[in-house]
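Subject: Structure handover

Hello,

Here is the structure I promised to pass on. My notes on it follow below the display.

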Amino acid sequence: MIDDGWDAAATYEDFMGRWSRPLARQFVSWLDVPPDVRWLDVGTGTGALVDAICAVGAPESVVACDPSAPFIEAARQRLPDRRVEYVVAAAGSLPPSPSGYAAVVSSLVLNFIDDVPAALEEQAQLASSDGVVAACVWDYAGEMQFLRHFWDAARGIDQRAEELDEGIRFPICRREGLASLFSSTGLARVTTTSLTVPTVFNSFDDYWAPFVGGTGPAPSFAASLAESDRDALRESLRGRLPSSGDGRVELRARAWAVAGYR
């Protein structure tokens with residue numbers, strides 16, 4: 001199977017960071033966690049969620065974790081906030097807090113963890129009494145439109161696309177699947193919601209360029225193609241994407257958010 005490729009922070013930011021940042025702010029606002037408490041950000045990536053926590057959540061402190069050292073360094077350089085501690089750590093080795101975290105959260109991470117039930121159990125154990133455990137994930141099979149267009153076109157070019165298509169790989173990325181998963185972990189008062197951000201590209205080239213960066217499932221797939229197949233994929237997408245009179249490509253990206261309480 002083609003590797004997802006999670007090493008280049010700058011190319012990830014071009015591909016997904018510009019959309020995950022406004023999503024993270026919606027997510028933190030929806031959670032409505034009280035100010036001046038401790039947060040744990042699981043899988044911080046290039047720092048979209050920790051930035052939103054600091055900007056919207058008014059935390060006492062945040063521990064931001066990610067298994068990728070380059071991503072942690074990128075997040076640290078982007079947000080050198082005294083309230084934030086950056087730690088290279090993955091599911092199974094998350095750092096505890098003596099009295100637990102009031103909020104244990106992740107954004108666009110849960111479906112990439114190998115053993116999701118075990119990871120959620122760990123997160124619940126790290127939460128304080130009545131602390132919240134929450135996550136948001138893209139609606140890959142539905143209204144995450146710029147990826148949905150990509151994979152629908154890619155399957156017509158190379159059958160290996162089905163190996164990486166998040167809409168197929170990640171059945172938990174649906175409202176019902178997330179609610180069931182969190183309830184089965186023993187979390188109480190489980191709630192879900194949808195969050196939508198506009199994804200507006202200045203031109204088709206603005207849409208296409210991040211797909212050749214090699215970071216994430218779709219760019220890794222594009223990088224694996226022979227040049228002729230990559231050209232065919234690009235032209236297939238050019239023909240299928242909606243375009244306004246000025247050449248802009250206006251799409252939307254929906255995510256599902258879920259929260260439960262210890």
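In these notes, contact means heavy atoms within 4.5 Å. This is a predicted model, in which local features need pLDDT of at least 70 and side-chain atom pairs count only at pLDDT 80 or more, while totals for chains, interfaces and linings use all residues. Residues are numbered from 1 along each chain as its sequence is written, and side-chain values use heavy atoms, with hydrogens and water left out.

Two more terms are needed. Helices (H or I, at least four residues) and strands (E, at least two) are DSSP runs, numbered from the N terminus. Buried means under 20% relative accessible area, exposed means over 50%, and partly exposed is in between (1.4 Å probe, protein chains only).

Leucine 233

Leucine 233 sits in helix α11, residues 227-240. Its relative accessible area is 0%, so leucine 233 is buried. Not counting residues up to four places away in sequence, leucine 233 touches Phe150, Ala153, Ala154, Ile157, Trp208, Phe221 and Leu225. From leucine 233 to aspartate 158 the C-alpha to C-alpha distance is 9.3 Å, although they are 75 residues apart in sequence.

Helix α5 and its two partners

Of the 10 residues in α5, 8 are buried, and the helix is mostly covered. The buried residues of α5 include Phe146, Leu147, Phe150 and Trp151.

Two packed helices are described by the angle between their axes and the distance between the axes. The axes are lines fitted to C-alpha atoms, for helices over the stretch in contact, and the angles run from 0 to 180 degrees between N-to-C directions. Angles under 35 degrees count as roughly parallel, over 145 as roughly antiparallel, 65 to 115 as roughly perpendicular, and the rest as oblique.

Helix α5 (residues 145-154) packs against helix α10 (residues 217-224) at about 30°, with the axes 11 Å apart. The two helices are therefore roughly parallel. On the α5 side the contact is made by Leu147, Phe150, Trp151 and Ala154, and on the α10 side by Pro217, Ala218, Phe221 and Ala222. These residues divide into 8 nonpolar, no polar and no charged. For this count, Ala, Val, Leu, Ile, Met, Phe, Trp, Tyr, Cys and Pro are nonpolar, Asp, Glu, Lys and Arg are charged, and the others, Gly among them, are polar.

With α11, α5 packs at an angle of about 125°, and their axes are 9 Å apart. This pair is therefore oblique. His149, Phe150, Asp152, Ala153 and Ala154 of α5 meet Leu233, Ser236, Leu237 and Arg240 of α11. Here the division is 5 nonpolar, 2 polar and 2 charged.

Arginine 21

Leaving aside neighbours within four places in sequence, arginine 21 is in contact with Glu13, Thr46, Gly47, Ala48, Asp51 and Arg78.

Positive phi values

Most residues other than glycine have a negative phi. Leucine 108 is not a glycine, yet has a positive phi of about 60°. Leucine 108 lies in the loop between β4 (101-107) and α4 (116-126), and is buried at a relative accessible area of 9%. Arginine 189, in strand β6 (residues 188-201), also has a positive phi, near 50°.

Regards
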